[in-house]
Amino acid sequence: MRSSFSGAGSGSCPTLTDRWRWRPRAIWASLHALGLAAGWWAGAVWSASAAAVFTGAPHAVVAALTLVAYLACSLRDPGYVPRVGREPLREALLEHQPRCQFCAAPQRPRVKHCHDCHRCVRRLDHHCFWLGNCVGARTHRTFLLYLVLQNALLWWTCAAAAAGAFALAYASPPEPAAAGAAHVGRVLAACACALLCLLMGLAALVLLAFQCALIVRGETTWEHLRRDTLNAAAGLPPLVRPFDRGAARNILAFGGCIAQPPAPTVAALPVAPGAASLVSLPIAAPATALPVCQPCGPSAAAGAATG
């Protein structure tokens, strides 16, 4: 069991040079470089070969935008709650202000502690392994844009590699044995590129659909996975989504057009068991305070491991 405020010191916060942050980024870069290199060697991607279809400058632009969006999500502050010094912390404890038991950050609605980053994050969605960073209030919109671009890149490359493999397979192989072996190698490389992009594309597509569903419902991944626990602690019914204000307002709030709800005041409850229609009802202040700072461990990010 960790001691309270064990992360309050400045030395406990990981830096960008930590190995655990750069390892997933290196894996992400290696997978993309391997897939694109295989497609290029097969003549299916960024090539003047007859097998190169659906590619060229637009494909390269999408790849560059995907890299930019990835770096923006991976390197940007996701919305860390500022740390406090010893004197402000002592004053806060004397005044009985709620503080995180792990990093002593002020507790606010929708603020969660991430044990991977050792920091509290505003509107934490999840800690993404592939980014080596959290997805929070400052990076959630960029993360959604990254998922859109990543899906476009993967499925575009998959289609180009599959079409290239098909064109190479039915092309007449060169006469010399060495050239014939290279031809077979290019066919296999195109197939490997298509298969890699297919598997990664399916995972990225599922994650994009999941994120869009959560945005429409006014939830984060962490709140969705722990809804029963959070609602039970706050004295709310299990089906209540405390920050749901309707699909349109949820989308506008996510896009920054209107303010995010400062507190859980509105919930969507089913009219009857099995009923499709929803009604928005105000919630009275719960008898116990809504938990606002809970650890984000492996279980909290299980539903978004591919993020």
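K112 has V121 of strand 2 as its bridge partner. The two strands concerned, strand 1 (residues 111-114) and strand 2 (residues 119-122), pair in the antiparallel sense over four bridges; pairing requires that DSSP finds at least two bridges between two strands. Together strand 1 and strand 2 make a hairpin with four residues between them, and H118 in the turn has a positive phi of about 60 degrees. Strands here are DSSP runs of E with at least two residues, helices runs of H or I with at least four, and both are numbered from the N terminus.

Please keep in mind that this is a predicted model, in which local features need pLDDT of at least 70 and side-chain atom pairs count only at pLDDT 80 or more, while totals for chains, interfaces and linings use all residues. Residues are numbered from 1 along each chain as its sequence is written, and side-chain values use heavy atoms, leaving out hydrogens and water.

Let us turn to helix 2. Its buried residues are H59, V62, A63, T66, A69, Y70, C73 and S74, where buried means under 20% relative accessible area, exposed over 50%, and partly exposed in between (1.4 Å probe, protein chains only). Seen down the axis of helix 2, these buried residues fall within an arc of 130 degrees, so they line one face of the helix; the arc is taken from the directions from the helix axis to the C-beta atoms. The exposed residues A57 and V68 sit on the face turned away from that buried side.

Finally, the cysteines: the sulfur of C128 is 8.4 Å from the closest cysteine sulfur, in C73, too far for a bond, given that a disulfide needs two cysteine sulfur atoms within 2.5 Å.
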